[in-house]
Structures are given as C-alpha cells and as structure tokens.
Amino acid sequence: SGSPAVIGQYAYRTLSGLTATQYHLIVSNTGRLEYFDTAGTKTVISATAFTTGDLFPAFATMNNLCFMVNGTDAKKLNGTTLQTFGITRPTVGTMAGAVGAAGSLNGTYELYVTYGNSVTGHESSLSAVAAATVIATSDAIDITNVPVSADAQVNRRYIYIRNTATQANPFRIATIANNTATTVTVDAVDTSLTVQAPDSSENDPPPAAIHALAVHKSRLFTTDGQKLYYSKLGLPEAFDPEAYEQVNPNDGAAIVGLLPVGQILLIHKANATYALVGEDPQTWTIELVLPDTGVVSARTYAQVEGVAYWWSEQGPVRWSAGSGALPLADNVLSDITTPENLNYGQASLMCAAVDMPRQRILFSVPDSGQTRNTVLLPFNYRLQRWESDKWDPLDVASMCVADDANGQPWVWLGGYAGQVFKWWGATNDGVATGTVTGTFTAASSSLSTLTDLTATFDTTGAGLIERKITLLDADDQVVTEGIRPRITANTATALTLDSAVTGLVAGTVYTYHIGGSDFQFELAWSDFG
C-alpha cells in the first residue's frame, strides 16, 4: 500500500504436529507488517505494527513464536496475531481478601497475582504482595479487586498465596481463565499446593531499546548496544534484569549484532568481534576473537556450510571456528569493496542473503555517492570468487530467503517503493508484463518524461515504479551511463523519471530498455568450476 521502502523481510515458520507453515514477513518504513504465504497471497497483519522510520527490524524464531525488535519496538507474532514481547507484571492495587465460607485454609496468608498467556505459555513476574494479609481458621478466602491487564495477549491470571508461618515462597492456588473477572474464591490444603510462584523480576519483558536478536543454547539473546542480555532456559520472554553479560564495556563501541555459529555466539561491535563460549551462565566466558574486525551492519549476516559471512569496516569477510576470519576482498576484484567505490557512510543500510541454488551470497550495498543500496555484489561461495564487480538490477532495501510452495528456497528483494521481487525467477528485470523496450524521438535536449504512444507499459499496482531505464543512441551507445534514472510513475504510454536525462539531440530517435539491456556471458569457470 502506497510506496514505502521494504526495510525488513523474514521467513517465519511454525510447526503444528508435522505440518509446517511459512509466513514471509514484510516490514515497511511506514510501520506496516504483512506476510506472503507460499502461494503468493498477501495479508496485512497490522498497518501500525512498528514506529514509522528506517528502523531496521531484527528477527528470531523460538517456541513457534517470531520475535521482532528495531531499537524502539519489541513485538512478537503468534501465527498471524501481533502481540507485545513479554508481559509486564501486575500492579496489585487494591486487591484484598477476606475469609469466606468454611474451608481448608489455616493461618495468616499473603496474596499475589501474575498475568498469563495460555497460547504462548508465558507468565509474568510476580506482583507485589497485596496490602493486607488474611487470617483464616478452616476457611476459604474471597479475593476482590483482582487486577485486569490492558495487554490484549493476557487471557488468564494466576493467584498465589503464602502461609507466613509455614511457607517460604508463594504457591499457586487458583487460575482465573479470563482477563475480566475481578473476584475469585480460593481454598486448598497448604500441602497440596506445588506450583511455586516466579519471583518479582525473573519473568520480566526484555529491556528497552533492544535492536538485535539471536537464539543460542535454548535461550534468546538480545542487546541494547551496551549489555548482552539472555532469557531463561527455554523461555524466550523471561528476562531477569540481572541476566546479562558485559562485553568490554570500556572500549567506547556499542554492540551492533549477534550471530550464532555452531556452538558459539559471535558478538559484533563495529571494530571488534567477541565470542560467547560455554553452555550456561555458570560456565560460559566472553572471548575476544577478532580485535580489529567487526561488522558495519548485522543485516549483512549470511551463513552457509558452517561458514559465516558479513561486511566489516575493512570490507566483506568470512569466518569459521576452524580457520578464523579471511577477507573476501582479496578474492579478485578487490577494488569493488573499497571506500572509494562504496559509500561506507551508509554502511548500516547494507544487507545480504544466500542464493543457495546458485551457490552465491548477494550483498546489497550503496555505490559511491549513493544514499541507499544501489548495487548487488555476488560472491560465489563454492569458488570463493566474486562473480561480477557490479550488478545493477534495481535498488534493494532488504533481502531474505523464503520457500515457494514446492519448498524451493528463493532470494526475495525488497524495493524502496512498496514492492517485493523474486530474484532469479525470471529474466524480465522486474517487469512482469507489457512493453520493455521501444523507441522514441527526443523533443528536446533534456528528458524527464518518456512517451511512447505505441507502448503498453505495465500499470498494475505501482506499475513500473523504481525500475531502471537505459537509453541508447543510434550507435547503440549508452547515453544514461552514470545517471541511473529510475521510473517514479507511469501510465500505459508514458514514463516519469526521477532525474532528467540531458545531452540528447532534439529530433533524434533513441532506444529505451526498462530494467536493462539483454546480454549474457557464459564463463567456463562458472559452469565447470
């Protein structure tokens, strides 16, 4: 809807029995969250899921839930239902108890409550104790003013009590299976209560302003740039405020990204790489792995065949536990990755994806002087060689790998104007139908609108918006070299360009190509290795 940049994509998969379902998630910079199913049908989950702006989302899947953070928002997806990441513990307010009918409770009791989500299984931390205790003598207890949560995911409350004379901790005595009732009667023999309450902070939501996620060793790890936080074992929404690690906090650099590789978790800053090594908080350690190589954008993470790839301040690198880090820039065409040829000032925009059927990693990067990703750099991981010094199909704001209905993985490109493209699925340069090439006569030396009355340009949806256009003169020489004009709107016979093409000769016939000229090279090393 409209023309937002597609700034995030992710293949979120759920499993029910033996049935797997994929949701190809799409996040735009207008805050929309949508998904494609494997048949290509699009569904809007929420038009206001996230804060508007170029807040690049990070994703992780655990316990059949998809978690999404961007430094401002923290959400989770339960199938197609968007919810808050974590549950804030109740404020006990005026909850109180009084003895009721005859029952089994004997002693002085404290009252507590937690919030729960029966679908995800998550329970909040424990409330503070209710203001007044209740003295029971073979009584039941009537509890009033049980707090109700404003969080839509909460669909039950758990009531806990503690006999101050015989119990060191509160135990669950009742479940209110809704988020509306404010009264409940509880009654049980103390010794029959076996579910101990969480403490007042162990199941807290994640900290604020987190921007990276990683599932590792059955925990969910995250960071706000300062500390490395981790959830309870097997409980991705339970973050004790004391469950964190410091990662060389005095080096003046923030944590940029988290990348699990095998048995270790790589922790990236802009100028260094650390590793979390070990099984649990009692035994793990944080080690410096690469003292001068970090990551410029966690969106450039790619893993294949046990090897991790990313883009650093020195250029792209590959890393494995056995061989350490090696620069990819040395593998021929090294000049394409230098600051002189790329705009490292916009390095946070960079992203990557693994085109596994064609054994390549695609890096989407900003060319020199550009303020968005304008070129693709293909690296063949089988041959350990760059395939080209530049591919220029269209500007790519995001990438991901998602399966089609046959289970075939494809790279998907997210554009800057609300469109998503299937990479390598056709040879049409993103033009699904209609005229792709023709001729026109220049009316003047400068052109910002191209008209071909014989054309039938595609106008479906946003039409040809963002497609590149190439103009050739009578000698087949490119007259748009270095200009990169893009289509901003079109009718069936006219194309509006984002920048004027100058230097034309009025009255001269020119040829146009939408997307790019049709040419191919077959290289022996590519075919036969």
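This is a predicted model: local features need pLDDT of at least 70, side-chain atom pairs count only at pLDDT 80 or more; totals for chains, interfaces and linings use all residues.

Mentor: Residues are numbered from 1 along each chain as its sequence is written, and side-chain values use heavy atoms, with hydrogens and water left out.

Trainee: How many cavities of 30 Å³ or more are there?

Mentor: Rolling a probe the size of a water molecule over the atoms shows where empty space is left. On a 1 Å grid over the protein atoms alone, a cavity is a set of points where a 1.4 Å probe fits but cannot get out; a pocket is an open set with protein on both sides within 12 Å along at least five of seven lines; and lining residues have an atom within 4 Å of a point. Here the count is 1 cavity. The largest cavity holds about 30 Å³, a volume being the space filled by probe spheres set on the points, which are joined across faces, edges and corners. Its lining includes Ile7, Phe50 and Asn70.

Trainee: What lines the second largest pocket?

Mentor: That pocket has a volume of about 1,300 Å³ and 43 lining residues, with Tyr10, Phe59, Ala298, Arg299 and Tyr301 nearest its centre. Strand S1 (6-16) is one of the elements giving two or more residues, and S1 gives the most, with 6 residues. Strands (E, at least two residues) are DSSP runs, numbered from the N terminus. The lining splits into 30 nonpolar, 10 polar and 3 charged residues; Ala, Val, Leu, Ile, Met, Phe, Trp, Tyr, Cys and Pro count as nonpolar, Asp, Glu, Lys and Arg as charged, and the others, Gly among them, as polar.

Trainee: Is Ser312 buried or exposed?

Mentor: Buried means under 20% relative accessible area, exposed over 50%, and partly exposed in between (1.4 Å probe, protein chains only). Ser312, in strand S24, has 0%, so Ser312 counts as buried. A polar atom of its side chain lies 3.1 Å from the backbone nitrogen of Gln314, and one lies 2.7 Å from the backbone oxygen of Gly315.

Trainee: Where is Asn203?

Mentor: Asn203 sits in the loop between strand S14 (184-186) and S15. Asn203 is buried too, at 7%. Its side chain reaches the backbone oxygen of Glu123 at 3.1 Å.

Technical notes. Helices (H or I, at least four residues) and strands (E, at least two) are DSSP runs, numbered from the N terminus. A polar contact is a pair of N or O atoms within 3.5 Å; within protein, one must be able to donate a hydrogen and the other to accept it, and residues adjacent in sequence count only if both atoms are side-chain atoms.
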